[in-house]
Amino acid sequence: MGLEAVKDWIHQCSRCSSCKYIYRDYNSSCPSGEKFWFETFWASGRVWMAKGIVNGDIDWSDSLIRALYACPLCGNCSIQCKQDVSAHLLDIFEAFREEAVKAGKGPLPVHKTFADGIQKENNPYNEPHKSRLDWLGDLDLPKTAEVLYYVGCTSSYRQKEIAQATFSLLKKLNVNFTISPGEWCCTSPLLRTGQTAIAAPVVRHNLAVLQQTEAKIVIFSCAGCYRTFKEDYPKILGTELNAEVLHVTEFLLELLKNGTLRFTRNFPHKITYHDPCHMGRHVGVYDAPRELLKSVLGLELIEMPRNRENAWCCGAGGGVKSGFKDWAIDISKDRVREAEHVDAEYLVSTCPFCYRNLEDAITTSQSRLKMLDVTQILNSVID
Ligand code: SF4
Ligand code: SF4
């Protein structure tokens, strides 16, 4: 895309600063601005820098690149901003990163390793592709099915407990589903860091995999993969996917409503729910995980003060977890403290990447909280 495509929107920012805090609440909303406390690290400053590059008023520099990538693309600014530019802020930031890559100034060096891993082993962790389904054992999978479970790289190689819980749930519920050994990275790590030029062939491969399974529905554990398939794939491919794209919680909610999903045990614990940015603000899915959780007998869902569209980011997205390791965990620690304040026993989310960063924060801050995915709770309360 590049900055040329978004230049009309750039000029719509009035620099009113409403994006800096939760609207009419004044609680903090922007992890980047709160950390660096300098205009270029808030949304308004990044838009201003983009304008400077487009107009030729400023040059690329190391400090500009640092400010550009010191943002988890959480989208909180796009909620708090009440001007027309609000709907385009994330597009501007991503176009700006793409422009930086085109100019040979971006991404951060560590982000280039994602691209290498994806091109070599089809995942940003550079793990062997042949071990992608090791978490599954030797189970035979059908070649075609009604539902394709797209596992994603983080659930395949890191948070395998989420893939296992999801697989177990789908089996218990007799869902006609499959998993493809041909699945490649969804390309979110490339798209969020401006490395868009190499994403298209990977996207086309995943489309071919989906078509081979003849699935009518494709479901996701990862909020990032889900957002990428739902929002980015149609733009890259120039056409809608010939399958319904659902987060696993949306799919399971349908099974709850039609009576297929029934609980046989209680979960007598206080939990709080963290909205993944890619699922909440980016796509607008807030209710499905909450409705599932509230339906579990004994479970008490307590909301954190910043919830739904105002949720504080976990800090992992947009290349921040790899590019700013310590800061990513600091952002998550803020969320962990918020969960502790509402007296929850469990911090629950529905994205393996959020899970990973929040669990890192729980460990490093020696919090009493325990981390769980929605699917792990559901899997524990049905036979
Ligand atoms: S991004 Fe929106 S809220 Fe922020 S300064 Fe610009 S117009 Fe104001
Ligand atoms: S996307 Fe999030 S971190 Fe980035 S400028 Fe907006 S609110 Fe701040």
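**Entry 1: helix 6**

I listed the buried residues of helix 6 in this predicted model. They are L89, L90, I92, F93, E94, A95, F96, R97, E98 and A100. I took buried as under 20% relative accessible area. By that cut-off, 10 of the 14 residues of helix 6 are buried, so the helix is largely enclosed by the rest of the structure.

Next I looked up what does the covering. The elements over these buried residues include helix 1 (7-10), helix 3 (43-55) and helix 4 (62-69). Helix 5 (76-80), helix 10 (188-191) and helix 12 (223-237) are also among them.

I then checked the length. Helix 6 spans residues 89-102, and its first and last C-alpha atoms lie 20 Å apart. That is close to the 20 Å expected at 1.5 Å a residue. Just after the helix, I noted a positive phi of about 75° at G104.

I traced an open sheet of four strands and read its order as 6-5-7-8, with parallel pairing. Strand 6 (300-301) and strand 8 (370-373) are at the edges; each has a single partner strand, so one side of each has no neighbour in the sheet.

I looked at the pairing of strand 5 (residues 270-273) with strand 7 (residues 346-349) and found three bridges between these parallel strands. On strand 7, Y346 is the bridge partner of I271.

Which helix packs on the sheet, touching strand 5, strand 6 and strand 7? I found helix 14 (residues 287-294) there. Its direction makes about 170° with that of strand 5.

Technical notes. Residues are numbered from 1 along each chain as its sequence is written. Chains are lettered from A and ligands numbered from 1 in the order in which they are written. This is a predicted model: local features need pLDDT of at least 70, side-chain atom pairs count only at pLDDT 80 or more; totals for chains, interfaces and linings use all residues. Side-chain values use heavy atoms; hydrogens and water are left out. Two strands pair if DSSP finds at least two bridges between them. Helices (H or I, at least four residues) and strands (E, at least two) are DSSP runs, numbered from the N terminus. Contact means heavy atoms within 4.5 Å. Axes are lines fitted to C-alpha atoms, for helices over the stretch in contact, and angles run from 0 to 180 degrees between N-to-C directions. The expected span of a helix is 1.5 Å times one less than its number of residues. Buried means under 20% relative accessible area, exposed over 50%, partly exposed in between (1.4 Å probe, protein chains only).
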